[in-house]
Amino acid sequence: MHYIYWFRKDLRLTDNHALARFLKDAVNGSSFSFIYIKNNNSYRYFGEKRIVFLIQCLEELKQDLSDFKSELQIFSGKSIEVFKNILLEKNPVSVYLNEQVEPYCRERDESVRKLIEDSGGIYNSFTDSTIFSPGEIKNGEGHQYKVFTPFKNNALSILTKDHYKKHVCDFSNINNKNEIIFKSQLKIKQDKKISGVSGSVIIKGGRKEGLSKLRDFYETKLNRYNSQRDFPSLNATSRLSAHLHFGTIGIREALRTAFAGLSKSESEKDEKEVQTWINELLWREFYYHITFHNPRLTYQSFKTEYDDLNWNYDESNFRRWAEGKTGYPIVDAGMRQLNKEGWMHNRVRMITAMFLTKDLFIDWRLGEKYFAEKLIDLDFSSNNGGWQWSASTGVDAQPYFRIFNPYLQSKKFDPAGDYIRKYVPELSSLPVEFIHEPNIMNHTEQEKYRVIIGKDYPNPVIDHKAAKDIAIRNFKKAAHKL
Ligand SMILES: Cc1cc2nc3c(=O)[nH]c(=O)nc-3n(C[C@H](O)[C@H](O)[C@H](O)COP(=O)(O)OP(=O)(O)OC[C@H]3O[C@@H](n4cnc5c(N)ncnc54)[C@H](O)[C@@H]3O)c2cc1C
């Protein structure tokens, strides 16, 4: 039997569930290989900053493996084709991997599993990218939860140390003489850098970078997380989402860090700061569970009655939203942060998503796709969950009649306008009284601050109050309440 370790969303050599088992099992003279498969098809929706991030992760992983005198063999193509080629060289194989819940990945994995098992091999799959196995948290009737709070309460009540224990990866068990380098034509010599593409200045790939972010978060931010996380001008959240997605930081590591913070807490307030971060990690678990149970979410609303909504497909409005030119400063700041950095603060993700789906009444699927193309941390479950929450079409979503007022959100969460000034520099001369709603300035004020509305900064793309009434009416109609 030839042993293969297949890296996917677990690009690290430490505390990696499947890898720990692989390193235990692939002993006693058995041959082995480490592989990663790049499928250019699925990269079609990857933004360039995300690709740079991924390449940084792969380069570091390759280096880390070479420190153990092993090689990361990178293949290009559809996974099933890669394995068919591998089987021509080595058969049967015992493949180790950490499972994925995304519907397209499950289809891919099922076909690979069948191929391997049909040819006499073994397919070994483990849970690693979530704390709980997909579907592990069930309600009293054994079904999925459709509301977050009972899901969270149940998750915390069944959580044991086993869920977040460290899986030690011991490379001393394997003998490098037994490593096989495949000749397969689908192998690529070097993961090519993409010319002319730049990465993100704030979200860099690789385990070292992830660890340094986790450490910094633990030392300087975790004890203020609940109080500060909603203010986009503050650097107050972990910015670990891309690392958690690609597995350069493990979710168990993150949870252990949270518990370490909790044990240091000296008051109820301190505890609350940390517990809120644990809650966010559990939202991630919740959305992974929802994806696992509902593969249809790739194209359908969770609340199917809202698939009858008569969405607007106004291309010009969509463009203005995407480019950050809506005339609503907080929305424009968010979209420009996304376009520039490949990341957006959570509060502003909610504001911009709600603005697209409620004010502009544009189908959430278009916004979801745009985010997917731009975000470094794109994660199907959290992105789909966040979009459907904002659009009110999702599981445990914001009720359709509770539509964010972008001006009030802006005043509440960016009170001094610092976030807006950073990403919408043409408004930086405005005092606080006008920064959130510059179009209320009269002509003299516009001249005084050198911001002429309609010339230096756009008029609002739509009237919020009128748009809100229309959205509510449309939702009521779709839910047969009118
Ligand atoms: C419209 C929309 C789209 C989103 N798309 C994504 C996405 O593609 N990928 C993604 O990882 N998150 C997404 N989120 C969730 C959230 O905005 C990001 O996880 C968060 O902003 C990442 O920053 P951070 O790492 O500093 O988070 P922190 O505040 O430090 O939180 C820690 C971790 O918890 C998880 N988390 C936090 N908030 C949420 C949440 N609301 N839902 C699910 N998981 C959460 C993330 O893994 C995050 O890294 C989206 C939210 C919305 C409203």
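**Entry 1: strand 4.** I looked up the burial of strand 4, residues 93-98, in this predicted model. I found the strand mostly covered, with six of its six residues buried. I then asked which residues lie on each side of strand 4. Val 93, Val 95 and Leu 97 are on one side, and Ser 94, Tyr 96 and Asn 98 are on the other. I noted that both faces are covered, as these residues are all buried. In a regular strand, side chains alternate between the two faces of the sheet.

**Entry 2: neighbours of strand 4.** I checked the pairing next. Strand 1 (residues 2-7) runs parallel to strand 4 and is joined to it by four bridges; Tyr 3 has Ser 94 as its bridge partner. Strand 5 (residues 122-126) also pairs with strand 4 in the parallel sense, over five bridges, and there Leu 97 stands opposite Ser 125. I followed the chain from strand 4 through helix 4 (residues 103-118) to strand 5 and recorded a right-handed β-α-β crossover.

**Entry 3: cavities.** I counted five cavities of 30 Å³ or more. Which helices each supply at least two residues of its lining? I found helix 10 (268-293) and helix 15 (380-391), with helix 15 giving the largest share, five residues. Among the lining residues I listed Tyr 287, Ile 290, Asn 384, Gln 388 and Trp 389. By class, the lining has five nonpolar residues, six polar and no charged. I recorded that the largest cavity lies between domain 2 (130-165 + 207-293) and domain 3 (304-478), because both give residues to its lining.

Technical notes:
Residues are numbered from 1 along each chain as its sequence is written. This is a predicted model: local features need pLDDT of at least 70, side-chain atom pairs count only at pLDDT 80 or more; totals for chains, interfaces and linings use all residues. Side-chain values use heavy atoms; hydrogens and water are left out. Buried means under 20% relative accessible area, exposed over 50%, partly exposed in between (1.4 Å probe, protein chains only). Two strands pair if DSSP finds at least two bridges between them. A crossover is right-handed if, with the strands pointing away from the viewer, the path from the first strand over the helix to the second runs clockwise. On a 1 Å grid over the protein atoms alone, a cavity is a set of points where a 1.4 Å probe fits but cannot get out, and a pocket is an open set with protein on both sides within 12 Å along at least five of seven lines; lining residues have an atom within 4 Å of a point. Grid points are joined across faces, edges and corners, and a volume is the space filled by probe spheres set on the points. Ala, Val, Leu, Ile, Met, Phe, Trp, Tyr, Cys and Pro count as nonpolar, Asp, Glu, Lys and Arg as charged, and the others, Gly among them, as polar. Domain bounds come from an automatic or database domain assignment.
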